[in-house]
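Have the structure open beside you as you read.

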Amino acid sequence: MAAEPTTTRRPGRPGRDTAALPEERDILLRGLEAFAELGYDRASARELARRLGVSHTFINDRYGSKAAFWRAVVDAALGAQLGRLAPIDPGVDDEELIRRFITDFYRTSIDEPNMARLIADESSRDTDRLDYLYQRYFEPTLAIIAPRFESLAASGRMARIPVDILFFAIIGPISGLVSDPLTRRLARGPWQSTKEERLDRAETLACLVVDGLMAHRGTDRRRP
């Protein structure tokens, strides 16, 4: 999207002192950084405007409200991440499909760590925003892979595990890919935050998760 003036103007050439808006992609990325760092409540409209480099009325003028801007930020970041996942191949064995899905999900999470931080923050708050994340993204994703877990459990190839525990078992390790300050301390030695290092960590975590899920084959770990 081309740069636009920050204020509505009459037809004709813009004045020399008319500032240009950042491109839409940059606006949404800066919004994601702000929400991930500050949380929704602390990210006031004025603070968002300051970080975006726009007027204090921009968010309401462009998106209608801070809540609508938050949804636009989430749709841009999480929608893009899920869009990068490889298509589900119905001909692949269930265990291999789950292994590929989790590995791919971790690898794509590396590209947008702020999305993982935003989700972690919102997951602890009972809000309409969490409803939005759950209904628009979590539930549809679970609907894709949950039948594969059920099939593996029915055939005795993995334990029967409650969906909520299964979800956290898969999502939780993402913190190990986006928590650099803690990772540096835990590494107890030289650690380079390179893309290759992160991809290796993503694959290692995926193997640990999938191998752990398959470790208790043929058992029932549902709640009594």
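Let's begin with Thr 127, which sits in the loop between helix H6 (113-122) and helix H7 (128-154). Helices here are DSSP runs of H or I with at least four residues, numbered from the N terminus. This is a predicted model, where local features need pLDDT of at least 70, side-chain atom pairs count only at pLDDT 80 or more, and totals for chains, interfaces and linings use all residues. Residues are numbered from 1 along each chain as its sequence is written, and side-chain values use heavy atoms, with hydrogens and water left out.

Is Thr 127 buried or exposed? With a relative accessible area of 19%, Thr 127 is buried (buried means under 20% relative accessible area, exposed over 50%, partly exposed in between, with a 1.4 Å probe and protein chains only). Thr 127 also caps the N-terminal end of H7, with a side-chain oxygen 3.2 Å from the backbone nitrogen of Arg 129. Further along, H7 bends by about 40° at Tyr 134 (the angle between axes fitted to the seven residues ending there and the seven starting there).

Now for the rings. Rings of Phe, Tyr and Trp (its six-membered ring) pair if their centres lie within 6.5 Å; planes under 30 degrees apart count as stacked, over 60 as edge-to-face and the rest as tilted. That rule gives 8 aromatic pairs, including these:

| Pair | Centres apart | Planes | Type |
|---|---|---|---|
| Phe 58 and Tyr 63 | 6.2 Å | 80° | edge-to-face |
| Phe 138 and Phe 167 | 5.4 Å | 50° | tilted |

Phe 138 in helix H7 and Phe 167 in helix H8 (residues 163-171) are 29 residues apart, so this pair links distant parts of the chain. Both Phe 138 and Phe 167 are buried.

How values were computed. Helix = DSSP H or I, 4+ residues; strand = E, 2+ residues; numbered from the N terminus. Polar contact = N/O pair within 3.5 Å; in protein donor to acceptor, adjacent residues only side chain to side chain.
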